[in-house]
Amino acid sequence: MTDAQCAIRRQAHQTLAKVTDDIGRRRTFNTAIASVMELLNIVAKHTQRSASDRRVIQEALDIAVLALSPIVPHVTHALWRELGHNDRR
């Protein structure tokens, strides 16, 4: 795994932990959304598109959609399907 891929994965999992705490314990939705936006900014800056890059980006996008699903369920349901998932979250 490249350094850039590791950075994306690290940020994705840190975002998941922060959003879980923000929504689950603190009930603060604005900071949860801000964390997901930071993750998406990092993903957008990543320019490499190899197969392993796509897997890391897919994981980050999956985490972003799942993290936002308690806040905007209808939108994230559509995004989940666009990401290639046919099952429910």
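The side chains of Arg25 and Asp21 form a salt bridge, with 2.7 Å from N to O. A salt bridge is defined here as a side-chain nitrogen of Lys or Arg within 4 Å of a carboxyl oxygen of Asp or Glu. The model is predicted: local features need pLDDT of at least 70, side-chain atom pairs count only at pLDDT 80 or more, and totals for chains, interfaces and linings use all residues. Residues are numbered from 1 along each chain as its sequence is written, and side-chain values use heavy atoms, with hydrogens and water left out.

Arg25 and Asp21 are both in helix 1, four residues apart, or about one turn of the helix. Helices are DSSP runs (H or I, at least four residues), numbered from the N terminus. Arg25 is exposed, at 61% relative accessibility. Asp21 is partly exposed, at 28%. These classes rest on relative accessible area: buried is under 20%, exposed is over 50%, and partly exposed lies in between (1.4 Å probe, protein chains only).

The search of the whole structure returned four salt bridges. One of them pairs Lys18 with Asp22, at 2.9 Å from N to O. These two residues are four apart in helix 1 (residues 3–26), so about one helical turn separates them. Another joins Arg26 to Asp22, at 2.7 Å from N to O. Arg26 and Asp22 also lie four residues apart in helix 1, about one turn.

Asp22 is buried, with a relative accessible area of 0%. Lys18 is partly exposed, at 35% relative accessibility. Arg26 is partly exposed as well, at 38%.
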